[in-house]
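Please look through the structure below before reading on. The report is meant to be read slowly, with the sequence and the 3D view side by side.

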Amino acid sequence: MTKTIDAVQDQFETFQILSEDGEVVNESAMPKLSDEQLQELMRRMVYTRIWDQRAISLNRQGRLGFYAPVAGQEASMLGSQFALDKEDWILPGYRDIPQMVFHGFPLYQAFLWSRGHFQGGQIPEGVNVLMPQIIIGAQIIQAAGVGFGLKKQGKKNVCITYTGDGGASQGDFYEGLNFAGAYAANAIFVVQNNRFAISVPVEKQSAAKTIAQKAVAAGIEGIQVDGMDVLAVYAATQQARERAISGEGPTLIETLTYRYGPHTMAGDDPTRYRTKDLDSEWEKKDPLVRFRKFLEKKNLWSEEQENKVVEEAKEDIKASIKKADGAPRQKVTDLINFMFEELPFNLREQLEQYTAKESK
Amino acid sequence: MAQMTMIQAITDAMRNELKNNENVLVFGEDVGQNGGVFRATEGLQKEFGEDRVFDTPLAESGIGGLAIGLGLTGFRPVMEIQFFGFVFEVFDSIAAQMARMRYRSGGVYSSPVTIRSPFGGGVKTPELHADSLEGLMYQTPGIKVVIPSTPYDAKGLLISAIRDNDPVVYLEHMKLYRSFRGEVPEEEYTIELGKADVKREGKDVSIITYGAMVHASLKAAEELEKDGISAEVIDLRTISPLDIDTIIASVEKTGRAIVVQEAQKQAGIGAFVVAEINDRAILNLEAPVLRVTAPDTVFPYASAEDVWIPDHRDIVDKAKKVYNF
């Protein structure tokens, strides 16, 4: 007799469209994307890879602040965001800055957020993203709420939220999936399984063979996707979005991916918990290499185009850092004013004190 | 004017706001069909429909996250935590998320959430139902904390809380739910958050308190009157932010004060009130400001509540101590 758990787990096969060689292995699942859209996906991944390299170097120069590297996860991040409508909401974790930026959050503000400046949290009007969440999993229950709100308003929009394999161990992960399922909320939960929660391997997070199967307990759809395959991530997200806006409820998407760099630039050393062999095994699956091969075969990508994006990214980053450098020096009086719509007595008094102090 | 219990006044306030603003949503465990375990939401689902008044799965953290998300999409959530002792399950959503939403977004977003929750001793609950945990809330910048002591205040304060664009924790003392009735206007009215109320005027000693201890203090004031001591009883009503002006005006008049709280002594509201009086009115004082509090143990076993919770005799003793100092 097959054990129930095996019967469940075995149904969660990894969804893939492009092989590591850039060959289409799942023709029927190919999303309908124009040549320009395919090129735009590549452009975004190349741009983000360059941005990541520059961010790491800026961090080492002491010019950036908090930074969680993203290289390796480009397909997972950008493929999912690419399936969204401008009016959709993103509730990001702290690594999910690329999705925010391609959803309309200015790059210079992303740098200010890294540096710990209040202007880094001032999301421009019309950009439906929240500030990057630091508490692992807190965004997942909030996404159930945003998704439920969108549904209540009859909007054909979704809320997508991101966490990692470690995040799937949090109580809020289960509560968020369960609430969203109970209310058939317009929500998509993406777990970017990059195999390590800082140093703890995913095998030690759970007895479950996949994270996608955790959807079953919440009564919602779940799918495991090759997170190094940008077309598969896009297609899975796009289908999840369709299901959500047609009232069929939320979806949990597990993307199998890898972060090449450390957890953050604040002293993490991946050689303490990962082998070189594992690193190179995953580098062979690289999302950019794979997609480049696919596009080159279709004559949609050239070295010239690639170089153009690289230059464009470098210029943007330079300009954005310059703009971030121009942000005003922060004052306690600014911060006091962000506490309440109307300040209570204690903050009114402290505002007076700091106004006097800071005007000296 | 109608005579209402405090819980009726609370229901009335929610009904008023559900009528007043279509974005107001009331939700929590058992608040729908069942009308809440204390019947605070009695009849509301029937009147306003399941879209507006609804049950949640049994998970406090999820309820908090739901409220934040609904708030972001333009709704005005009134969420219930079935008993405030369960707040630890939802503390991240309240203290780390709602309370910081405006700050973290540099004023772009807010969490216009009202968190209603029963608390308070004297009704022999199992553990973690009755604890006075308002001190934890007071220590958290970014939220307001309201504790009404009368049906009239309960309605006006709850309407204000729901209309507030920042998160408000609204704590309902279980012992006051049905212990007496008071006059409550049927029409809507608001009571400004952050304003205390002088529940009894006096000239010799100020008793500064809130919640169920307002009633113990009023009883104490009557006893003190018999001994020729005129006590003023100040009901803080909102404990965060405190109404410093009313406190200081009273202390300047009486020159003597005690602070009374049902909560344990350590790091409580009382300590903060004493510190503020010292900062602002020490030269008006004829005696040190003393506190009447519960001892620093865990909230007691149900059968030990009567020896643990401070009562009017403790208040009389402390008031006499400062009077005779």
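Predicted model: local features only at pLDDT ≥ 70, side-chain atom pairs only at ≥ 80, totals over all residues.

Residues are numbered from 1 along each chain as its sequence is written, chains are lettered from A and ligands numbered from 1 in the order in which they are written, and side-chain values use heavy atoms, with hydrogens and water left out.

## Salt bridges

Side chains of opposite charge can pair when their charged atoms come close. A salt bridge is counted when a side-chain nitrogen of Lys or Arg lies within 4 Å of a carboxyl oxygen of Asp or Glu, and over all chains the structure holds 35 of them. Three of these pairs are set out here.

| Pair | N to O distance |
|---|---|
| Arg115(A) and Asp325(A) | 2.8 Å |
| Asp279(A) and Arg274(A) | 3.2 Å |
| Glu349(A) and Arg280(B) | 2.5 Å |

Which parts of the chain does the salt bridge between Arg115(A) and Asp325(A) link? Arg115(A) and Asp325(A) form a salt bridge, and this pair links distant parts of the chain, with Arg115(A) in helix α5 of chain A and Asp325(A) in helix α12 (residues 303-325) of chain A, 210 residues apart. Helices (H or I, at least four residues) and strands (E, at least two) are DSSP runs, numbered from the N terminus.

To say how far a residue is covered, the report calls it buried under 20% relative accessible area, exposed over 50%, and partly exposed in between (1.4 Å probe, protein chains only). Arg115(A) counts as partly exposed because its relative accessibility is 29%, and Asp325(A) counts as partly exposed at 47%. In the pair of Asp279(A) and Arg274(A), by contrast, Asp279(A) counts as buried at 19% relative accessibility, and Arg274(A) is buried with a relative accessible area of 6%.

The side chains of Glu349(A) and Arg280(B) also meet in a salt bridge. Glu349(A) lies in helix α14 (residues 345-358) of chain A and Arg280(B) in helix α9 (residues 269-281) of chain B, so the pair joins two chains. Glu349(A) is partly exposed, with a relative accessible area of 29%, and Arg280(B) is partly exposed as well, with 30%. In chain B, a network of salt bridges links Asp153(B), Asp197(B), Lys199(B), Asp235(B) and Arg237(B).

Asp96(A) sits in the loop between β2 (89-91) and α4 (97-102) of chain A. What is the nearest side chain of opposite charge to Asp96(A)? It is Arg95(A), 6.5 Å away, and Asp96(A) is buried yet has no salt bridge; in this count Lys and Arg are positive and Asp and Glu negative, while His and the chain ends are not counted.

Asp96(A) does, however, take part in polar contacts, each being a pair of N or O atoms within 3.5 Å, where within protein one must be able to donate a hydrogen and the other to accept it, and residues adjacent in sequence count only if both atoms are side-chain atoms. One such contact, of 3.1 Å, joins the side chains of Asp96(A) and Gln99(A), and another, of 2.8 Å, joins the side chains of Asp96(A) and Gln192(A).

Thr255(A), in strand β8 (residues 251-256) of chain A, is buried with a relative accessible area of 0%. Its side chain makes a polar contact of 2.8 Å with the side chain of Ser76(A).

## Surface patches

On the surface, Asp30(B), Glu50(B), Asp51(B) and Asp55(B) gather in a patch of negative charge. Patches are made of residues with over 30% relative accessible area and no salt bridge, like charges being joined within 9 Å and nonpolar side chains (Val, Leu, Ile, Met, Phe, Trp, Tyr) within 5 Å. Asp55(B) is placed in strand β3 (residues 53-55) of chain B and counts as partly exposed at 34% relative accessibility.

## Distances along the chain

Val230(A) belongs to helix α9 (residues 230-245) of chain A and is buried, with a relative accessible area of 1%. The C-alpha atoms of Val230(A) and Ser80(A) are separated by 8.1 Å, although the two residues are 150 residues apart along the chain.

Note on methods:
Areas by Shrake-Rupley, 256 points an atom, 1.4 Å probe, with all protein chains shown as cover. Charge placed at Lys NZ, Arg CZ, Asp CG, Glu CD.
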